[in-house]
2 protein chains.
Amino acid sequence: MRLSADLKRSVPFFSPRYVGHMASDLLLPGVIARIITTLYNPNNVAEEAAPATLDKELEVGLQLARMVGWATDPSATPCAYGHLTSGGTLANYQGLRNLTAAKFYGVALAAAVRSTPALLGAISARGEAIEGLDDWALANLSVDEIITLRADAMRSSAARLAPEARAGFGALVESERHESLGLFGFFTRHPDLAGARVLAPATAHYSWSKALKTLGWGVDMMGTVRTDRDMRMDVAHLRELLEESAHARVPVLCIVGVLGTTEFGTIDPLGAITDARDDARALGIDASIHVDAAWGGYLATIFRAEDGGLIERDALRKRFHYFPSQEVYDAFAALARADSITIDPHKLGYIPYAAGAYVARNRGLAEFVSHSAAYVFDARDEEEDPSDRMRHLGEYVLEGSKSGAATASAYVTHKVLPLNERGFGAILRHTIRSCEYFYDALGEWRERMSDRVKVTMPITPDTNLVCLVVNPAGNTSLAEMNAFGRSLFSQMSVELDASLQRRDFIASYTSLFAENLAPVRAQELLAELGIRPGALAPRPRGPYEDDHVYMLRHTLMNPWLMQENERGRNYIDRYLDHLEHLIDDATRRV
Amino acid sequence: MRLSADLKRSVPFFSPRYVGHMASDLLLPGVIARIITTLYNPNNVAEEAAPATLDKELEVGLQLARMVGWATDPSATPCAYGHLTSGGTLANYQGLRNLTAAKFYGVALAAAVRSTPALLGAISARGEAIEGLDDWALANLSVDEIITLRADAMRSSAARLAPEARAGFGALVESERHESLGLFGFFTRHPDLAGARVLAPATAHYSWSKALKTLGWGVDMMGTVRTDRDMRMDVAHLRELLEESAHARVPVLCIVGVLGTTEFGTIDPLGAITDARDDARALGIDASIHVDAAWGGYLATIFRAEDGGLIERDALRKRFHYFPSQEVYDAFAALARADSITIDPHKLGYIPYAAGAYVARNRGLAEFVSHSAAYVFDARDEEEDPSDRMRHLGEYVLEGSKSGAATASAYVTHKVLPLNERGFGAILRHTIRSCEYFYDALGEWRERMSDRVKVTMPITPDTNLVCLVVNPAGNTSLAEMNAFGRSLFSQMSVELDASLQRRDFIASYTSLFAENLAPVRAQELLAELGIRPGALAPRPRGPYEDDHVYMLRHTLMNPWLMQENERGRNYIDRYLDHLEHLIDDATRRV
């Protein structure tokens, strides 16, 4: 009873008056599945503890794979696989973990082959015997090439070696890997490969720097790619960084493309990113692509026809005012060419926490992180159905015991609302339309407010997030504008000592940092707002008032935002009314 | 409806006829709390998304801290803190992450101080200015010393530096840490510290090797401590390894003590381990202690009086036949001296997946892994209540979004059943008593079966797991004995194609590997079983039949195992009857 009473203090995520963080009402199929499965409490660490839910977890992986355009036919190569994680952060760790395990496998295999040259016979990559390839070449095979290389080595080992010699060779390969030697030991042995870095946009979620710290690479290994004026990755800069890496022979652990940034909902140009990666291969450098689609992953359902095909842009456009721009369309179309992806069912999948997902285009990637199989260097393994091995899921994932109830929640939701334009897409279209409505309504509202405030939307929305900057008329001080923004937010924030239910709306905030803006763009933005030119300056990290532009941030994921009340006003109209009211109050106080 | 039907294939963990893995019936308060909180779907990443459950997560951390004997008074030092994780694996990662972050912080701070000597004034550790200490000394400060060192540096920085200089100095310290440089960069700069390793017993859960692989240290950095005949850490060997490390100047990242091994339920002698660590300090080496009590953590409630004190061994013994042995008692008493601990509420806390926990004795440990605070090198931070900072929990943990429902489940369960001998202890005593009953019953049963099989319990249970080896009378072949064991297990296993409900009992299995047995112990065990001497041989990892002894494994965590049926037979009697029946069937078939 006490808990139940206390939970009334919870944030009313379900309400269309909540437009703050990435949380909303839940889909009932997912809630019901979560609850009834909790009573059975299956543990998806292994099928033995989850006969009814482990196969569903692997199926959820395949559902999500099909959603982004990956092949899931187990009789063909590549075939995708995926699994749930406790959230997007873990899925990002898993992405980095799997790609780096594969990236340096060839180096380890070649070292083992060199030390026992006669043992295995010729194993080759790109037409050359691997013992003849240098570390740089071996560390720049693609994911698919390295998977093939490993399979060839297994087949050769099975054909030529007795079981004990096979185990011995397997152990030798293992002993040369960074997973055995540690990053220090491995790069001491292969100093030419040291300094390997991740290329990610400035807008990447902070879980990427957590990942670099946690997984031992170090945040200095983050090669930050600039963003353009729409807060999307600047692909020209990516190309520069790739060329620079190729010339300096610095391996790229992976390129992170963001499909729906946490702060702005913007979509990195994955098509152009993938082209840049493909083009860089001519320079001898290969980089895998992990897409952080924790936020935007489910939006792919808008683009997916019932038959699994990609819907043409022209057909899609009929359902929206602006969406999808050519860049956004190309990004979703290019998902099929990425190597792995993070998608959060507990965000735009509208199911309860904690449910993230990691999915890879080629299931061979899992073998590089399998725990028990490492020493069993045996092609029989390859011949058995890989999804049978995956039934010991705990050996392939970063976590151990896993909630089967989270799986059931995602699985049933995807059954009720299939991952295509008729299922999930129907809900997610509403969120984009809400954003377009907000965008359009803002034009008129800006006019109406022009005597009192200057208003801008510094980033054109790619999806369903809107950020606003509001400056009182006549004010030229950046610090004062930011303080004004904070005072507005304080009326729409979650406070522990106030009754949340008395808030008319709940929003969130974010900042646009000077270091992420081109100087010309910064000047333009200040001019739009009437702020003194030059007021915005990049600074070392710290609590400064003049290194950022404070913005009200609105996540428009609630599907009922366009619902009208008896006076024909929907929640977005009413939000703008409310904001006007807050502004009037605040300016009167000033 | 389909899910509900399908869930009938789930493993009936709730049944006392399930004595397999570490799963059992759930406590209703935890189930109810989980379900009702799911409807509100709080996200414990930050209090702003979880006003009703974030404080409860921190409180669960403190409840668990008090359970193991740590101080939780926020006005005193040290004060413990803790949080939930998605499971024990993540809690183990967090343990290694936090301890290694602290371990090398002094090295980074000294490097920063040396490069700007006049800036901060004298900061000292063990009475010496830190710039005068060498890397070895700096990497061998205790957790408490390093926390104090950091606080001193903060105070000095706040007193002497202007805000911008403070931020600059903070950034300088950060730039010298392995979290920035990566493990390769850091140890290249400090080669004397390379090779740092974890000391853990051979019985440690495989999440520890996952941790070393995942976090970049490498599994070669696992210094495996031998186990004794009771499958507890051999402290004489630990002392040898510590001395060897001190002489070779190889840092110890941490010592892992296991409180309830996954395979056997055995308890490492934490008292003796902590003594060994304390004694090694005289050799100039310091090692933090992380206790992996994923399984056994809640058993501490048996030892904890309502007033929070430790119950005397003599008083405890009255409630059991054998428990607790002096060694086991000492281990639980010594928990108070460890540095951090993993405890799984989803195991002996009897709540639904996924709920693990990480708890540290000194909350200052959290500051070394805080994300945003790193650059704000400011004593104001220290002055504010640290638990207020912790309200941005996502910045201190490996995960991001976190289920507030998992928190509510643990919190309400701990409220209904407090973490002392009158609350949880009452349930857990039952599990120990069941084990003692099994142990006693086995004596008689072994006699009764002696014409048909030889039976041994190779490991005297420390807690509530029992492992048995069964050899058909007259058989001298190890391989045949193992095959016989497998055939028995096949009648008590979870099979996907059979109706689980038709199993009389469900058990699990494990193996005792030759490499973990002293030769004299191996011979003794074979002799007890009538197996040809010398049949058991250590082997490189692989699928061999003669490198292990296969054992039936029984987890006796269901509190109803001693419940009698109308004929006065409890579930353990009935299990032994069933095993007799299976043996008779199998020997008839042979």
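In this predicted model, the axes of helix H13 (residues 270-280) of chain B and helix H16 (residues 326-334) of chain B come within 6 Å of each other and cross at roughly 55°. On the side of H13(B) the contact involves B:Leu270, B:Gly271 and B:Thr274, which meet B:Asp330, B:Ala331, B:Ala333 and B:Ala334 of H16(B). Sorted by class, the residues of this contact of H13(B) with H16(B) are four nonpolar, two polar and one charged.

From H5(B), the residues B:Ala108, B:Leu109, B:Ala112 and B:Ser115 meet B:Phe169, B:Leu172 and B:Val173 of H9(B). The contact of H5(B) with H9(B) comprises six nonpolar residues and one polar residue, with no charged residue.

Between the chains, H10(A) and helix H10 (residues 178-189) of chain B pack at an angle of about 60°, and their axes are 8 Å apart. H10(A) and H10(B) are therefore oblique to each other, and their crossing is right-handed. The contact is built from A:Gly182, A:Leu183, A:Phe184 and A:Phe187 of H10(A), together with B:Gly182, B:Leu183, B:Phe184 and B:Phe187 of H10(B). Six nonpolar and two polar residues make up the contact of H10(A) with H10(B), and no charged residue takes part.

| Helix pair | Angle | Axis distance |
|---|---|---|
| H13(B) and H16(B) | roughly 55° | within 6 Å |
| H10(A) and H10(B) | about 60° | 8 Å |

The contact of the two chains as a whole takes 81 residues from chain A and 81 residues from chain B. On the side of chain A that touches chain B, the elements that give two or more residues are helix H1 (2-6), helix H2 (28-40), helix H4 (88-103), helix H9 (163-175), helix H10 (178-189), helix H11 (207-214) and helix H19 (404-416) of chain A. That side of chain A divides by class into 42 nonpolar, 26 polar and 13 charged residues.

The arrangement of the two copies can be described by a rotation of 180° with 0.0 Å of shift along its axis, which superposes chain A on chain B with an RMSD of 0.0 Å. That is the relation of a two-fold axis. Because 100% of the interface residues of chain A are also interface residues in chain B, the copies meet through the same surface.

Within chain A, the domain assignment gives domain 1 (44-98 + 196-416), domain 2 (105-176) and domain 3 (426-589). The centres of domain 1 of chain A and domain 2 of chain A, taken over C-alpha atoms, are separated by 27 Å. Their contact takes 21 residues from domain 1 of chain A and 22 residues from domain 2 of chain A. On the side of domain 1 of chain A that touches domain 2 of chain A, the residues are ten nonpolar, four polar and seven charged.

Definitions and conventions
Residues are numbered from 1 along each chain as its sequence is written. Chains are lettered from A and ligands numbered from 1 in the order in which they are written. This is a predicted model: local features need pLDDT of at least 70, side-chain atom pairs count only at pLDDT 80 or more; totals for chains, interfaces and linings use all residues. Axes are lines fitted to C-alpha atoms, for helices over the stretch in contact, and angles run from 0 to 180 degrees between N-to-C directions. Helices (H or I, at least four residues) and strands (E, at least two) are DSSP runs, numbered from the N terminus. Two residues are in contact if their C-beta atoms, placed from the backbone, lie within 7 Å. Ala, Val, Leu, Ile, Met, Phe, Trp, Tyr, Cys and Pro count as nonpolar, Asp, Glu, Lys and Arg as charged, and the others, Gly among them, as polar. Copies are superposed by least squares on the C-alpha atoms of residues with pLDDT of at least 70 in both. Angles under 35 degrees count as roughly parallel, over 145 as roughly antiparallel, 65 to 115 as roughly perpendicular and the rest as oblique. A crossing is left-handed if the near helix is turned anticlockwise from the far one by less than a right angle, and right-handed if clockwise. Domain bounds come from an automatic or database domain assignment.
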